[in-house]
Every structure is written in C-alpha cells, then in structure tokens.
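Here is a short briefing on one protein model. Take a look at the sequence and the structure before reading on.

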Amino acid sequence: MKRKSDGFPTTMRYNDSESDDALVISNFFADFFASNYANNNFSHSTYPYHIDSFDISDPIINESVVLDNMRSLKSSFSAGPDDIPSFLLKTFCDSLYVPVTYLFNLSFNLGVFPKLWKSSYIVPLHKTGSKADIKNYRCISRLSALPKLFEQVLTSQLAFNLQSVISPNQHGFMRGKSTTTNLLQFVSCVIDGFSSGLCTDTLYLDCEKAFDRVCQVLLLYKFDRIGLSPKMCKWLSSYLQNRTQRVLFKQSLSQEIQVCSGVPQGSHLGPLLFLIYVNDLPTVINECNILLFADDVKIFYTYSDNNEPLQNDLNNVVEWCKVNLMSLNLSKCKSMTFSRVAVSNVEYNVGDYTLQAVSSFVDLGVTMDSKLKFNLHISKMVSKATCTLGFIKRWAKEFKDPYATKTLFTGAVRPILEYASVVWCPRYQTYANAIESVQKQFLLFCLRHFNWDPNLPLPSYLSRLKLINLPPLYARRTMLNISFVHNILSGTTKS
C-alpha cells in the first residue's frame, strides 16, 4: 500500500530564514501572504473614469432558495474556523433551513457580516520552482461552510442582476461565456485581418496579485456608482472589511493575518466582486480591441502600417492600473504579432521598459503561434495527453475491466485533447492523426486482455472502438463544433 505524501519538503525557507518546524513554516507563509496585500488609501473625488449607473434590485433570501442551496452543498467533513462542516448542514437541511434563513436575512437587513464568518484558513499551493522556497506558493482559502452557503445564495441572484452591468468584453465567471468564447472572438479578429492582408499586434498583460490588491474602498465606491442599493452596499462593506486569515500547514496554525485589501479567494462572491472592480477598464481603450478573462487582459489592433493606437491604448491601461492601485507584472507581459508573412517585431513600452516580443504565447491554455496554425499547441497537447496516459497505464495495469480504464481515459486524457477544440480544430490530416494516435495507444492498452488470434490481423480501429462504445476523436470534435454553433444560435453561449 502506498503512503500518501503531503508534497512539502522537510525544510523550507523564506528570505534568509530556514526551518523544519511546522509552526515556524506556517508563520513564514503568513508573512509572505500578508506581503501581497496593499493599502486602501483612496479618495472618491479623484477617480477620473466614468461609471454607468443601473437599477439593480437586491437579492431575495427566502426559505426555498436557502433549502435548495443547502441540498446542493458538497459533503465535506473538514470545517473552517467556525467548526461546522458542510456535511452537517446538508444532512440536517430539512431541520436547519428555517433558522438559517432567518440568520441570513438578519445579517443582510442589518448590514452586518459576523466577525467569525470573516475568518478563514489558507492552505499553501505550490506553483513553480523549488518547493522549499515559500515564495513559490500561492494560497487557497478554506472558508467556513455557513458563510459560504450565504454567499452562494446571494451570488446566484446578484450575478443574474449584474448581467447587463458587466462589460461584454469580460468572459470570466460569466454565464454563457468561457475561455473558448474569449479565444474564438480573438482568433476571428486575427483571421479577418489575415484575409485583408493585414497583421494584428497583441499585448498580453498580467496584473500582479490582482485579486489580493483590489482596493476595497474603491471597490465599495464602484458598487455605489453602478447602482447597488444602500443596504446592499452596507452589507458588502461589512463583508469585505476587517477580514482575517491563518495559514494551516501540516495541522499547525500561523499567527493571524489582517487582510487589508483584495477580495476573498475561494469564495463565491470574490470573482463577481473582482469583475465589478475591473469593469471600467475597457472604457479606457479608444481605438483597439480588448478582451478579458477575469484578470487576464489582452489588447490587440489590426493595421497595415500604423501601430501607434496600440501604444496609446497601452498607456491608457497603465494609467488605469495606477489609478486603481494595481500594477502590471512587466516580466509576464508580452507582445506578439500575428501575420501570414514575416514581419519585423514592433516595440511596445511601459515607461522605460520594453515588452518582450514573442513568437508564441499560451493564451488561456491554448498556444498561439504567429500564423495561427496551432501546430505548437497540438504538439504540446499530444505530449501532455501521452504523459497522462502513461500514468494511467502504470497505475491501472492490473485492471481487467476495459470499462474501468475507459472511465480513466475519458475523465483524465480526453479532456486534454478536446479543450477549446472549437478554436484550434486541425485543418491538416497530419495533426488529426497525431491527436488520434493517443486514443489508439489507449485502445491497445484497454483491450490487451482480449484473446486476439495472433495469426489474424487486428480488427480495424473503428471496429475496436465499437467494442467499448468509444467514438473516434475526430467525430467528437465535429459534434463539439456543431454543439457550439447550436448553443450560440439558442443563446446558451454568448459570443
């Protein structure tokens, strides 16, 4: 039996300090995560950008809504700071929904979010680089179940009420939109430029610690400007301010961190609040196009000989970031030129810093190349899927039921081969064959226990797929394309 590992090294370091004590390391993490927060100093009278106002109704918190949300909770035995696990709320929902509804309404009507509900545990999650370096981690919040349920009730209604408020350029956390709609809209613009013999310059911008550095005072100002009721604004003010966190590392809890900026990550409301904060960013773009997926921003411009508008709009974005107390992570900001013919890279500058020009870029999980052939993306995708399949073959080598291994393949490997396929669907048979080869490898492994007659050739690929009711990947891509078009026409997916 294999022993489960937490994945953390025995000794970890932060700046010039190093320790193997779990409590000390938890405080290392606490100091690092606390350094990501910014101040909330902002004067309403200095905000220079226009924000449209709407008539937005308040969410309704009634017993049926609360009961439905309690029943949909994921059953977890781990609890947050209030020591109430979600499985308890779900199991006894028929007895608890009435007092819980009363409690939620009392909080909302008074405009007070209880202090205990503002506490959360944060768990370190490794990103890249050395696992021993504290700075190579980001945090995941573990909130208490009851306030998270409250957020779930409010968010579903508030998101619906804010549909007409959120910029159409925003594709993150929006019903009917996704990374695929964002990428497809971008690729369509680039291809339109190709058909006219033009090139498209694109700037991929990255905001540093965007969710952690949201100025809460400015966010509350924007809530008021877009038309939320005074009662809703008062409750959101209480919800956001004076929050605390403690790092949970190997069962050791760090000292308490005061959260002085940002929106709560791991919450239901957090993403929606962030969308409101960046909602006026597209208004500073004068001549170019802009697309957002939460904090992922790209601005692009199709031209023949004058790229000056793109530099001007980049300057506008930089100024917006300064006013909104955010900063660009310049080392991660890139420029890229899309063209059918070879062209010289154009320099784009943020102050004295020149953005790095690249020939390919991973945009929302899809590798873009300058000619939109997607050969790099398909190559990386096939390699990743093959590695995942190798992992399955090692761990499932004793499985004799082909449907068990089929479940592993369709759950872990096939999604890699189909992610955003509407965007990069291969035009050349060579690429299609490379993708199909991964499923052919799986098929040989899945049906290895069949007693094939060694004197006869194997049945055809399609015939063997039918034995386990598995369609070829090219057929699934066709159906995914048709389904996407149907969803566009029916309004389920928004372009």
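The points below cover a helix, the cavities and a sheet.

This is a predicted model. A search of the whole structure finds four cavities of 30 Å³ or more. Five strands form an open sheet.

**Helix α2**
- Helix α2 spans residues 63-71.
- V66, L67, N69 and M70 are buried in α2; here, buried means under 20% relative accessible area.
- Seen down the axis of α2, the buried residues fall within an arc of 165°, so they line one face of the helix.
- These buried residues pack against three helices: α3 (86-91), α4 (93-110) and α5 (145-161).

**Cavities**
- Rolling a probe the size of a water molecule over the atoms shows where empty space is left.
- The largest cavity has a volume of about 130 Å³.
- Its lining is made up of 17 residues.
- Nearest the centre of this cavity lie Q245, V259, V263, P264 and Q265.
- Two elements, β4 (137-143) and β6 (243-249), each give two or more residues to the lining of the largest cavity.
- Sorted by class, that lining has six nonpolar, eight polar and three charged residues.

**The five-stranded sheet**
- The strand order is β9-β10-β5-β11-β14, and the pairing is mixed.
- At the edges are β9 (289-293) and β14 (356-357), and each pairs on one side only.
- β14 pairs with β11 (residues 334-338) in the parallel sense, over two bridges.
- K334 has Q356 in β14 as its bridge partner.

Key. Residues are numbered from 1 along each chain as its sequence is written. This is a predicted model: local features need pLDDT of at least 70, side-chain atom pairs count only at pLDDT 80 or more; totals for chains, interfaces and linings use all residues. Side-chain values use heavy atoms; hydrogens and water are left out. Buried means under 20% relative accessible area, exposed over 50%, partly exposed in between (1.4 Å probe, protein chains only). Helices (H or I, at least four residues) and strands (E, at least two) are DSSP runs, numbered from the N terminus. The arc is that of the directions from the helix axis to the C-beta atoms. Contact means heavy atoms within 4.5 Å. On a 1 Å grid over the protein atoms alone, a cavity is a set of points where a 1.4 Å probe fits but cannot get out, and a pocket is an open set with protein on both sides within 12 Å along at least five of seven lines; lining residues have an atom within 4 Å of a point. Grid points are joined across faces, edges and corners, and a volume is the space filled by probe spheres set on the points. Ala, Val, Leu, Ile, Met, Phe, Trp, Tyr, Cys and Pro count as nonpolar, Asp, Glu, Lys and Arg as charged, and the others, Gly among them, as polar. Two strands pair if DSSP finds at least two bridges between them.
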